[in-house]
Amino acid sequence: MVAQAPDVAADWQVTSDSLAAWLARETGAAALLMIKSLDVAPDLTLDDLAAREVVDRALPAYVGTTPLFVAGPRAVNHAAQQLGEATPPGVAIGLRKKIA
């Protein structure tokens, strides 16, 4: 599917982060949950996460308007309960840059 997609760059800037975002966008997923090895602050934007290399730098171009959640180690304790309630664990990530 991705191999035939002209909008997916074939370079190392695009990792599994961007591929997951692209697939979520293309399939109309209700949300995308990314599991990471660190916890993220709730005030970080997607651009912040890319700049800090928590996600790849190409991800903002691929996620579109799909709601994005990032779950780190602290989210594990409540993940099963939240998923059972159809609530993604982790932090909801804003898609836009902060306005100073």
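Q: Leaving aside its neighbours within four places in sequence, which residues is P89 in contact with?
A: A heads-up first: this is a predicted model, where local features need pLDDT of at least 70, side-chain atom pairs count only at pLDDT 80 or more, and totals for chains, interfaces and linings use all residues. Taking contact as heavy atoms within 4.5 Å, and skipping neighbours within four places in sequence, P89 touches L33, F69, A71, A75, A79, Q82 and L83.

Q: Is P89 buried or exposed?
A: P89 is in the loop between α4 (76-84) and β3; helices (H or I, at least four residues) and strands (E, at least two) are DSSP runs, numbered from the N terminus. The scale is relative accessible area: buried is under 20%, exposed over 50%, partly exposed in between (1.4 Å probe, protein chains only). At 3% relative accessibility, P89 counts as buried.

Q: Which strands stand at the edges of the sheet?
A: The sheet is open and mixed, with three strands in the order β1-β2-β3; two strands pair if DSSP finds at least two bridges between them. An edge strand has a single partner, so one of its sides is left without a neighbour in the sheet, and that goes for β1 (32-35) and β3 (91-93).

Q: Which residue in β3 stands opposite V70?
A: Strand β2 (residues 68-71) pairs with β3 in the antiparallel sense, over three bridges. Across from V70 stands V91.

Q: What is the area of the nonpolar surface patch made by L33, I35 and L83?
A: Like charges are joined within 9 Å, and nonpolar side chains (Val, Leu, Ile, Met, Phe, Trp, Tyr) within 5 Å. Areas come from the Shrake-Rupley method with a 1.4 Å probe, and for residues only the protein chains shown count as cover. L33, I35 and L83 together make about 290 Å².

Q: What relative accessibility does I35 have?
A: I35 is placed in strand β1. I35 counts as exposed because its relative accessibility is 63%.

Q: What is the phi of A86?
A: A86 lies in the loop between α4 and β3, and is exposed, with a relative accessible area of 69%. A86 is not a glycine, yet its phi is positive, at about 60°.

Notes: Residues are numbered from 1 along each chain as its sequence is written. Side-chain values use heavy atoms; hydrogens and water are left out. Patches are made of residues with over 30% relative accessible area and no salt bridge: like charges are joined within 9 Å, nonpolar side chains (Val, Leu, Ile, Met, Phe, Trp, Tyr) within 5 Å. A salt bridge is a side-chain nitrogen of Lys or Arg within 4 Å of a carboxyl oxygen of Asp or Glu.
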